[in-house]
Amino acid sequence: MNIRKSLIAAAAGAGVLSLALATLPLAQADPTGSPQYRQLAGMGSDTTQTLMNALADVVTVNGEKVVGSYDAIGSTTVATKATAACAAVPRANGSSAGRNALLASLQSGDGCLQFARSSSSRGSYTSTPSMTWVPFATDALTFAVCEDGDVPRELSKAQIVAIFKCEVRDIQPAIVQVGSGTRSSWLSYVGITQAEIDAGQYPCLVPEKDGGTFPGNLPQEHDGRELKKNQIMPYSAAVYQSQVFGTAPDRRGRAVIGVIDGVVPTVINTGFSNVRDMFNIIPTDKATDTNSLEYKVFVGPDSEICKAKPAINLQGFGDLRDASKCGDTSSRS
């Protein structure tokens, strides 16, 4: 199958998002300023790291910043609290890594982490103790290609599925790093399971060093700087927009986002086929305790996070499709 010759690339402006961002200062990475150590520390998803960094600057309780959000990439370890146990917490890169780090902290009782960022839903995941996936924003997950490359900027979902199932000889799919919510969301979108990849069914998604045919290392999510002319990768429309407008570090390189089935990817376009919710994961015992700080910050439409919709929108993310679900606590592991 050779879809490059059968498609006409989308017009240059086809991938432009309709939700405009104001010119804002770049959201700070890892907590800075006072207090140095925040009461609620979390890490995980690359997709929502800049969003949560921005919210950490506007969400206050009794006049004090209480959210400390640590980036997915950077130093190997971070200090989340002024205790010996929390002086060198391994940095978590991705939704699954953040979830696992939070669970490990809860199981050990070290108090180092209180939440995790996740760009994927709970699915069938279970844990002891129980944790709760609390939705608060919406993203559109599309694809990116090199602006001067060989891959069309407009594709159908069927063509995207064929590419990622290794059926298109001259287009190289670049699935992002293992453990990211973007990876799991995209695999679900194209109908591929990690078990099938592990079984060798889709070698084009596996690096050569691991027995597959993908050249080099898998890319970091939402980082198009190493994207080759014959490659295509999943990319958050919200993150792309925040990179364009300078509210997030610009890691686009020469990447441009694409159009699926003729529909431009925006978080306010309900006709787009791959809209997904963003979550913060918190301990279920805190999600049900109306006196807890976690409850005040994350739970319910009147939570500090859900009341910060202007800041959420200015980072390129949309409101939940059902606004009443912001802060919902029904998804528990």
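Does S95 count as buried or exposed, and why? S95 counts as buried because its relative accessibility is 2%, where buried means under 20% relative accessible area, exposed over 50% and partly exposed in between, with a 1.4 Å probe and protein chains only. The model is predicted, so that local features need pLDDT of at least 70 and side-chain atom pairs count only at pLDDT 80 or more, while totals for chains, interfaces and linings use all residues. Residues are numbered from 1 along each chain as its sequence is written, and side-chain values use heavy atoms, with hydrogens and water left out.

S95 is placed in helix α2, helices being DSSP runs of H or I with at least four residues and strands runs of E with at least two, numbered from the N terminus. Beyond residues up to four places away in sequence, S95 touches G44, S45, R117, S118, S119, S120, G179, S180 and G181; contact means heavy atoms within 4.5 Å. Although S95 and S180 are 85 residues apart along the chain, 5.1 Å separates their C-alpha atoms. The S95 side chain also reaches two backbone nitrogens, that of S119 at 2.9 Å and that of G181 at 3.4 Å.

The largest pocket is lined by 27 residues, with S96, S120, S121, S184 and S185 nearest its centre. Elements giving two or more residues to this lining are α2 (95-108), α4 (181-190) and β14 (275-283). Helix α4 provides the largest share, five residues.

Methods: On a 1 Å grid over the protein atoms alone, a cavity is a set of points where a 1.4 Å probe fits but cannot get out, and a pocket is an open set with protein on both sides within 12 Å along at least five of seven lines; lining residues have an atom within 4 Å of a point. A polar contact is a pair of N or O atoms within 3.5 Å; within protein, one must be able to donate a hydrogen and the other to accept it, and residues adjacent in sequence count only if both atoms are side-chain atoms.
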